Amino acid sequence: MNEKKYTSVGEVMSRGVHTISGMATVADAVKEMRDHHVSSLVVERRGEHDEYGLLEQYDIAKNVIANNRSIDRTNVYEIMSKPVMAVALDMDIR
């Protein structure tokens, strides 16, 4: 009886996801990340047929800070990753 045990995505994922509008400024996103002690935010869909986006600290460093752009004049939608891949909760983490 060698039943293979596995760890599911649902067992290790974060459930407290923080979101932000794509129209928000990067300054707003940085404040939201600081306030909630997170390193990424899910970018809300613009409509029913739109996809979610993702904004990570890396995106801010690479696309704003490294290019000397203003965090007050750059919108989240300009630098976010989209679409974001989703997987089933019962999928093997490997």
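Residues are numbered from 1 along each chain as its sequence is written, and side-chain values use heavy atoms, with hydrogens and water left out. Because the model is predicted, local features need pLDDT of at least 70 and side-chain atom pairs count only at pLDDT 80 or more, while totals for chains, interfaces and linings use all residues.

Helices and strands here are DSSP runs, numbered from the N terminus: helices are H or I with at least four residues, and strands are E with at least two. Helix α2 covers residues 26–36. Its buried residues (buried means under 20% relative accessible area, exposed over 50%, partly exposed in between, with a 1.4 Å probe and protein chains only) are V26, A27, A29 and M33. Seen down the axis of α2, these residues fall within an arc of 160°, so they line one face of the helix. The arc is that of the directions from the helix axis to the C-beta atoms. An α-helix has 3.6 residues a turn, so residues three or four places apart point the same way. The buried residues of α2 pack against β1, β2, β3, α3 and α4.

Helix α3 covers residues 57–65. Its buried residues are D59, I60 and V64. They lie on the same side of α3, because they cover an arc of only 95° around the axis. The face turned away from this buried side carries the exposed residues Y58 and I65. Among the elements that cover the buried residues of α3 are α2, β3 and α4. N63 also lies in α3. Leaving out residues up to four places away in sequence, N63 touches R69 and I79 (contact means heavy atoms within 4.5 Å). N63 and I79 are 16 residues apart in sequence, but their C-alpha atoms are 6.3 Å apart in space.

The loop between α3 and α4 holds both N68 and N75. N68 counts as exposed because its relative accessibility is 71%, whereas N75, at 18%, counts as buried. What does N75 contact beyond its neighbours within four places in sequence? The residues are G22, M23, A24, T25 and V26. A polar atom of the N75 side chain lies 2.6 Å from the backbone oxygen of M23.

Some backbone angles deserve a look. Most residues other than glycine have a negative phi, and most peptide bonds are trans. N68 has a positive phi, near 55°. H37, which follows α2, also has a positive phi near 55°. H37 lies in the loop between α2 and β2 and counts as exposed, because its relative accessibility is 76%. The C-alpha atoms of H37 and A24 are separated by 18 Å, with the two residues 13 apart along the chain. In the segment after α4 lies P83, and the peptide bond from K82 to P83 is cis, with omega near 0°.

β2 gives three residues, the largest share of the lining.

Terms used: A polar contact is a pair of N or O atoms within 3.5 Å; within protein, one must be able to donate a hydrogen and the other to accept it, and residues adjacent in sequence count only if both atoms are side-chain atoms.
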